[in-house]
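Let's take a walk through this model together, starting with its open spaces and then moving into what packs behind them.

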Amino acid sequence: MALNLAQLRAFVAAVDAGGFGTAAVDLGLSQSAVSHAVASLERTLGGALLVRSTPVRSTDLGEVVLPHARAALAAADAVLDAAARHRATPGGTVRLAATPTVCQGLLPSLLREWSERLPALRLRVFEGSGEETEAWLAGAAADAAIVADPPSDAVRGDGHGGALLVTDPFLALLPQDHPLAGEESVHVADLADDPLVLSPNGCERHIRTIHRLAGEEYTPAHRVRDLGTLLSMVQAGLGVSILPEVSRSVVPDDLVLVPVTPHHSRDLVLCGPRDRPWLPAVHALVDSVARTHPGSPR
């Protein structure tokens with residue numbers, strides 16, 4: 001069968017981008033080249049892989065082929081990156097997944113650092129919820145991820161693990177004119193009279209833990225998906241919230257973050273997948289973090 005990596009790469013890019021035009025931009029090709037590559041792959045496999053809609057979506061055959069295509073591309077990229085690592089010049093592309101708060105509050109400085117330390121390496125950032133981030137990493141849509149509190153068995157069989165980026169404490173988010181806004185810290189019980197606004201993502205379990213440690217009832221008044229909506233509601237005096245420290249960079253000036261007790265934090269860790277070899281370029285990213293933050297490797 002006349003199967004080649006260019007066809008697989010075009011197919012995967014079209015799925016990830018939701019269309020041939022954006023996939024073409026991502027691959028640095030013409031739209032017709034991407035379309036022809038996918039069509040050629042379909043002829044080789046004897047069936048349609050994509051429904052040409054807006055956005056495009058996988059057929060049943062496409063869903064079956066997609067994970068194998070990702071694995072084949074990951075293996076090919078690993079070969080190229082292994083050669084680059086052998087030359088002591090880590091290169092290639094790393095698809096890095098992270099949550100919106102991490103992308104906004106932590107990732108910009110990391111990207112600057114990596115561009116200086118690893119100029120031959122290209123980063124593509126995928127932003128999603130905590131659940132999406134972990135699913136992308138497990139499903140090979142991402143090569144690395146910044147995850148919160150990975151399990152202790154996330155260390156790979158070769159004895160290498162991820163690198164701790166930061167220990168991220170949780171803080172109360174209050175309007176500037178809130179009676180407790182000027183305090184050095186706020187007990188979660190003192191917020192019981194304020195409606196609790198939260199975003200039901202990976203942080204919610206930590207907020208539950210804070211209430212459990214305090215012996216307080218956990219009764220959120222509003223659940224919103226978007227962090228911007230949450231900030232706007234607190235600005236409007238519709239409630240208070242609890243956010244991780246990494247969110248500080250996106251908090252507007254008319255809101256304040258105050259340490260909340262009982263104290264609770266999470267570890268943000270840069271790591272690769274648990275069930276397949278890491279790309280050499282991912283090793284390079286982790287090693288770079290470990291050198292910058294001695295003692296951080298898990």
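The largest pocket has a volume of about 670 Å³. A pocket here is an open set of points on a 1 Å grid over the protein atoms alone, where a 1.4 Å probe fits and protein lies on both sides within 12 Å along at least five of seven lines; lining residues have an atom within 4 Å of a point. Points are joined across faces, edges and corners, and the volume is the space filled by probe spheres set on them. There are 35 lining residues, and T99, S129, G130, N201 and G202 are the closest to the centre of this pocket. Before going on, bear in mind that this is a predicted model: local features need pLDDT of at least 70, side-chain atom pairs count only at pLDDT 80 or more, and totals for chains, interfaces and linings use all residues. Residues are numbered from 1 along each chain as its sequence is written, and side-chain values use heavy atoms, with hydrogens and water left out.

Which element gives the most to the lining of the largest pocket? That's α7, with five residues. Other elements that give two or more include α5 (100-105), β5 (144-148), α8 (204-214) and β12 (265-271). Helices (H or I, at least four residues) and strands (E, at least two) are DSSP runs, numbered from the N terminus. By type, the lining splits into 15 nonpolar, twelve polar and eight charged residues. Ala, Val, Leu, Ile, Met, Phe, Trp, Tyr, Cys and Pro count as nonpolar, Asp, Glu, Lys and Arg as charged, and the others, Gly among them, as polar.

Now for the second largest pocket, which holds about 430 Å³ of space. Its lining has 19 residues, with R9, D77, T93, R95 and R124 nearest the centre. Here α4 supplies the largest share, six residues. The lining divides into seven nonpolar, two polar and ten charged residues.

On to the packing. The largest nonpolar core has 35 residues, and W114, I146 and L270 have the most contacts inside it. Such a core is a set of buried Ala, Val, Leu, Ile, Met, Phe, Trp, Tyr and Cys residues joined through side-chain atoms within 4.5 Å. Buried means under 20% relative accessible area, with a 1.4 Å probe and protein chains only. Helix α10 gives the most to this core, with six residues. Look at W114: beyond its neighbours within four places in sequence, its contacts (heavy atoms within 4.5 Å) include L96, L123, L270, L285 and V289.

What about α2? Its buried residues are F20, A23 and A24. They sit on the same side of α2 because they cover an arc of only 105° around the axis, the arc being that of the directions from the helix axis to the C-beta atoms. The cover over them includes α1, α3 (31-45) and β1 (50-51). Just after α2, G28 takes a positive phi of about 70°.

Over in strand β6 you'll find L171, which counts as buried because its relative accessibility is 4%. Leaving aside neighbours within four places in sequence, L171 touches S241, I242, L243 and V258, among others.

Step back, and the protein chain has ten helices and twelve strands. Of its 298 residues, 47% count as buried.

Terms used
Buried < 20%, exposed > 50% of the residue type's maximum accessible area, 1.4 Å probe, protein only.
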